[in-house]
Amino acid sequence: MLDQVKTNLLEIKNLRIEATSYPPGEAPRKVVLVDDVSVSVQQGRVLGLIGESGAGKSTIGLSAMSFARGGARLAGGQILLNGRDIREAGAGELRGLRGREVTYVAQSAAAAFNPAKRLMEQVIETSLHHKLMPRAEAEARAVDLFRKLGLPNPETFGSRYPHQVSGGQLQRAMTAMALCPRPDLVVFDEPTTALDVTTQIDVLVAIKAAIRDTGVAALYITHDLAVVAQVADDILVLRGGKKVEYGTTDQIINSPQQAYTQALVSVRSIDHAEKPDSAPVLSVANITARYKGTNFDVLKNVTVDLSAGQTLAVVGESGSGKSTLARVITGLLPASQGRITFAGRTLSADLASRTKDDLRELQMIYQMADTAMNPRQTVGTIIGRPLEFYFGLKGAAKRARIQELLEEIEMGAGFIDRYPAELSGGQKQRVCIARALAAKPKLIICDEVTSALDPLVADGILKLLLALQEREGVAYLFITHDLATVKAIADKIAVMYRGQVVRYGSKTDVLTPPFDDYTDLLLSSVPEMKLGWLESVLASRKMESGGN
Amino acid sequence: MRRIPLSALIGLILTGGFFFVAIFAQLIAPYKMDELVGGVWDPVSAAHWLGTDSIGRDLLTRMIYGAQVTIFVATCATILSFVTGSVLGFLAATAGGWLDQALSRFVDLLMAIPTLILSLVILTAVDVTTINLILVMGFLDATRVFRLSRAVAVDITVMDYVEAARLRGEGRGWIIFSEILPNALSPLVAELGLRFIFAVLFISTLSFLGLGVQPPLADWGGLVKENSAGLVYGIPAALAPAIAIAALAISVNLVADWVLSRTTSLKGGRGA
């Protein structure tokens, strides 16, 4: 299965990583983060580590440099790098190999760069520190890497400060930093997760080309199977610190053996037919809005309609004005021009002058369920408050209705006295949905509600939302940057770009060519779960630009 | 049952003891507060466990009544500073705008003047009664509480659950008392202990300077002042109240430290 002729650059055998947890009010106890994991990486190959949050992928990635994050211990097994066991290597030896043999690319480049130093200084720092090459050579190599990674003006790029370049460029600069000392192995820890899809594809292409050109081996950590399918030769699927499946990319994607891997591969395959139009529950007409104290319109002349019981997906990159549109509709940010009609009534622009019915019938669900619930209130209080506030329910009647709502979100009545900290991420989001439902709304604004969740959990939430729509006839305004989610749930789509709606219509219309330039770019940038997707996109983009 | 660290346990026992003595001073004290029972600065004896003071009153009795006065004034001042400081702080944080600006700048103004000097000036202008002492101490200390509670509440007001409450149409009262207060309580409770200590030290300082509790009543600071002349002749009567002040400050501090360390866990949740 794996190419055994080449020697193993990195070989991890029966790795076990432990940490001590301190649950409040209990004695400290040992937790096993990674249990009995064995993998190997050969020269010039890329191993993808994939799994949900808490699967131990970053922990394994860091162990390749014999590093364990605060509190964790590399408790057992072997980590063989270039043939020697580095698991219990001393500080001096580790200092020698980190940055020379293994380098690391972090998820958040913006947080990893020193804002006070120019990029060039930071990119060549490791090479100089290890005395691998003289400064002139290091700088020349950095410029060469900048060029390979497709950065603009490679000659002068290094003289900029981190805040002067974009997030995607910064991520590529960090890749250059990792490649500059000519390491044997690079650990990429979710390098594209924090980026927009259209940026992600550029960074992916750059990373893939750089790996190929320099012949370096890599560990590529991500939670997105479609992404890892584009760059990795082999894939290790992890769950709860244990190996689920290990094989070549082709085998994992095309013929997964384990049920968990199959679920990961087939995620987001919800089939959703468009519903016919009916009377609009929400009409947004010519809305223009700006934030206080600025003279820049965040929304420009936005017009969309949403039929009762339908889902309107608002898509766009970060900064396109999607969330601002939600704030304008909810009244948190009064629009400077335009009109919002909701359930046949004209909504007043600011929150304070809206009627209780306006507030009740328009509910909102947030991206981060953690911060959307008061940590000091029980699930019962969180769901019960709207019941009490809008309908005056008290005592047993309120409790009975809370139970009913908990049933609706597919959680048992046993959750009523729990605190948010005692729930999983998916359960938290479900409670937020129940809180919105409690008000018997006509429209729920869903602001990136699945973005912070693992794919399988997100799938469950989307299915729940669809089932609730079927039963309660509630309309959704669904804000997202994830086009796979849009395909799963939308009836209508509005594509936003720089505060304007560039494309609006039914799902089939919006997703069928001919596209405008931006929608085309956006749609073609969404990674697909098949091998060679990246190459085919690049080929078709080259062809188009060649034709122009 | 949660394990209480030794230091916190010592702090709790000592603090509890001081408060017990203060509350039941009239029952515990062996003599009357201003009764002359012996000579000037009599040494320690079976009848007078701490000896007598500068005019022949029983020092232990004076100390017990002193505890009552000190703790009463400090407690009242702390409660006053907390109620005004936190209510105004939360109000400023949730209302924002000009109200926040006006309150915050006014507090900056007050804090720019050293508290001791400002209170000495005020106390020379008004009658030095217990009520006035409490008012002056409470309001001046409220500036500190305002700063803290506003800072804590500003962090909480931007949370999505506060926005959700606002979108639901909740009034400011609900937002302050049900959404913000429970989440701001831990740092405020820890601050409560510290402010109490500062109040004890402050009233002692004022009394030592002669602008605090007036004779024949005396708090610990006043007792130090009355007996300080004896130190020159090697008579240790002034040390007893001084030690009591230090002991109370340290024991409350131990408790406050424990509360603070318990609540700064990054676990979220109830912080319990």
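Predicted model: local features only at pLDDT ≥ 70, side-chain atom pairs only at ≥ 80, totals over all residues.
I will start with the overall build of chain B. The C-alpha trace of chain B spans about 75 × 50 × 30 Å along its principal axes. Of its 272 residues, 46% count as buried. Chain B exposes about 13,100 Å², and carbon and sulfur atoms supply 71% of that area.

Next, the annotation. The unreviewed UniProt entry marks residues 6-29, 69-93, 113-140, 192-213 and 233-260 of chain B as "transmembrane region". Take two of these spans. Residues 69-93 of chain B are 100% helix and 0% strand, with end C-alpha atoms 35 Å apart. Residues 113-140 of chain B are 79% helix and 0% strand, and there the end C-alpha atoms lie 10 Å apart.

Now one residue, Leu6(B). It lies in helix 1 of chain B, which covers residues 6-23. Is Leu6(B) buried or exposed? Leu6(B) counts as exposed because its relative accessibility is 63%, and the cut-off for exposed is over 50%. Leu6(B) also belongs to a nonpolar surface patch, together with Ile4(B), Leu9(B), Ile10(B), Leu12(B), Ile13(B) and Leu14(B). The accessible area of the patch is about 610 Å².

Last, chain A. Its domain assignment gives domain 1, residues 8-265, and domain 2, residues 280-512. The centres of these two domains of chain A, taken over C-alpha atoms, are 36 Å apart. Eight residues of domain 1 of chain A are in contact with five residues of domain 2 of chain A.

Methods
Residues numbered from 1 in each chain as written. Chains lettered and ligands numbered in written order. Heavy atoms only, no water. Patch = residues over 30% accessible without salt bridge, like charges linked within 9 Å, V, L, I, M, F, W, Y side chains within 5 Å. Areas by Shrake-Rupley, 256 points an atom, 1.4 Å probe, with all protein chains shown as cover. Salt bridge = Lys/Arg side-chain N within 4 Å of Asp/Glu carboxyl O. Helix = DSSP H or I, 4+ residues; strand = E, 2+ residues; numbered from the N terminus. Buried < 20%, exposed > 50% of the residue type's maximum accessible area, 1.4 Å probe, protein only. UniProt positions renumbered as here; feature names shortened; annotations may be inferred. Domains from an automatic or database assignment. Contact = heavy atoms within 4.5 Å.
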